[in-house]
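Work through these exercises with the structure open. Each task is followed by its solution.

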Amino acid sequence: MIKLYCLTGLMLAAISCTTEPKTTVTIHMEGERISDITTVLNTRDSIYSIHLDSTNSITIPLASTSQSGYASIQLGRMHLPLYIETGKSFDVDIRIKGRKVTPVFTGDGAAKNNYLNSEVLKKDLPPFEFSESEFLKQLKELETKQLAYLDSMNFDTEFRQIEKKRIHYSLYSGIPTYITYHPFYAKTAGYTPSEQIYTTMKQAVEEDPGLMYMQEYRDALTGYLEIAGSRNSKGALSTLKNRLSIIQNDFKSPAIKEFTTDYFVCKYIGKFGIDNLSEFSSIYESNVTDPQKKASYKALCDKWAKIAKGQPSFAFKFKDINGKEVCLQDLAGKYVYIDCWATWCGPCCAELPYLQKLEHQYKDRNIHFVSISCDRDKTNWEKMVKKEKLGGIQLHNGGDNSFLDFYMITGIPRFILLDREGKIIDTNATRPSNPETAKTFDTLEGI
């Protein structure tokens with residue numbers, strides 16, 4: 001069970017008076033924006049919220065039940081890898097400059113932490129523009145180099161064995177990232193991963209429930225399922241089914257089945273909702289037994305039930321480019337295709353020519369095209385709308401994110417299709433650039 005500790009000076013004093021901690025972590029920070037950075041210590045079995053004192057320091061007595069293992073200090077979006085051994089305390093002096101974090105460890109537990117934060121282990125993956133064979137070759141060479149560095153440190157056998165696995169999974173979890181970015185960097189449109197890269201990834205990830213606590217192993221495990229489930233799939237639901245099939249057929253460990261099932265099902269629901277829940281709910285119920293996971297799953301489903309097909313949409317009221325208020329009720333009687341976007345969003349702007357084409361194609365039909373901008377700088381929105389002569393109904397949310405929150409929009413562009421009564425048809429409609437969008441419009445009754 002994960003325990004959350006909020007540390008203050010008074011609490012630490014109380015702890016020190018009642019129990020003698022076996023392991024402590026002392027943190028001191030210097031540099032820019034220290035007060036603005038949310039800092040958390042994540043251990044194998046606990047989470048400690050960090051509140052620095054007037055000297056920008058804190059000493060954390062770890063729980064007596066803490067297990068030895070990998071940990072991390074989270075500094076906003078940055079993090080430092082750690083290894084905590086029961087009974088071996090250490091200090092870390094952290095210097096922050098921009099996005100550069102420089103830690104120096106001292107104390108009984110310092111050696112392995114200085115090793116984990118060494119430049120040798122920070123080396124980036126091979127360039128994504130490389131061919132598959134060259135990328136995999138250099139990945140193997142990088143693993144060999146890091147393993148040699150580990151052997152040179154003369155650590156105890158137990159740590160070397162587990163660290164070899166961490167290095168391995170840390171590197172091979174980068175293969176899915178290569179698949180994602182290779183087409184862009186190599187300028188190879190239509191790139192399809194070869195059998196070699198699938199085979200390499202499959203062989204690299206062994207079923208080992210004893211490593212489930214290790215983030216690098218979890219990343220490699222989900223990475224393998226990401227790319228294996230995408231093969232020969234047709235759409236998001238097909239991909240999810242492929243992944244669940246692999247989980248059911250290729251894994252024996254209940255712990256791995258539970259983690260991966262929960263991960264991919266909740267990820268799918270978080271993006272696409274519960275319209276197809278019946279297609280995979282039985283597998284979820286079969287594989288997932290942890291009460292906390294099941295409670296989170298139910299809460300997620302309950303949120304999406306409010307925006308399921310046929311439910312009434314959020315009744316927005318925003319001002320248009322001329323300062324006139326426009327609300328959903330004003331649009332009753334016609335279908336509504338909504339574009340949630342911003343001027344700073346590259347993919348959003350890439351859809352604009354296709355959206356204008358759709359607006360022209362359906363200008364005399366029974367459908368409104370509504371664009372809702374979430375730009376913080378309203379001036380930028382006004383300039384683009386006027387300069388590009390954007391059509392349809394152009395609205396700005398005025399800093400009110402209620403519409404985004406209602407539809408649980410965490411990324412843009414996002415397109416939503418409503419019926420003539422303002423009820424939901426699709427909360428994640430296809431983009432204007434997708435030929436299926438026009439086909440969907442043509443199937444709408446009375447359009």
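**Exercise 1.** State which residues line the second largest cavity, and how they divide into nonpolar, polar and charged.

*Solution.* (Ala, Val, Leu, Ile, Met, Phe, Trp, Tyr, Cys and Pro count as nonpolar, Asp, Glu, Lys and Arg as charged, and the others, Gly among them, as polar.) Next, the names: Lys-22, Thr-23, Leu-62, Ala-63, Ser-64, Ser-66 and Thr-86. Last, the space: about 40 Å³. On a 1 Å grid over the protein atoms alone, a cavity is a set of points where a 1.4 Å probe fits but cannot get out; a pocket is an open set with protein on both sides within 12 Å along at least five of seven lines; lining residues have an atom within 4 Å of a point. Grid points are joined across faces, edges and corners, and a volume is the space filled by probe spheres set on the points.

The model is predicted: local features need pLDDT of at least 70, side-chain atom pairs pLDDT 80 or more, while totals for chains, interfaces and linings use all residues. Numbering starts from 1 along each chain as its sequence is written, and side-chain values use heavy atoms, without hydrogens and water.

**Exercise 2.** Find the strand that gives the most to the lining of the largest cavity.

*Solution.* The largest cavity holds about 60 Å³. Its lining includes Phe-272, Trp-304 and Ile-424. Strand β16 (residues 424–426) gives the most, three residues. (Strands are DSSP runs of E, at least two residues, numbered from the N terminus.)

**Exercise 3.** Describe the lining of the largest pocket.

*Solution.* Count 47 lining residues. Nearest the centre lie Ser-72, His-79, Gln-215, Glu-216 and Asp-219. Strand β7 (residues 78–84) supplies the largest share, five residues.

Note on methods: Helices (H or I, at least four residues) and strands (E, at least two) are DSSP runs, numbered from the N terminus.
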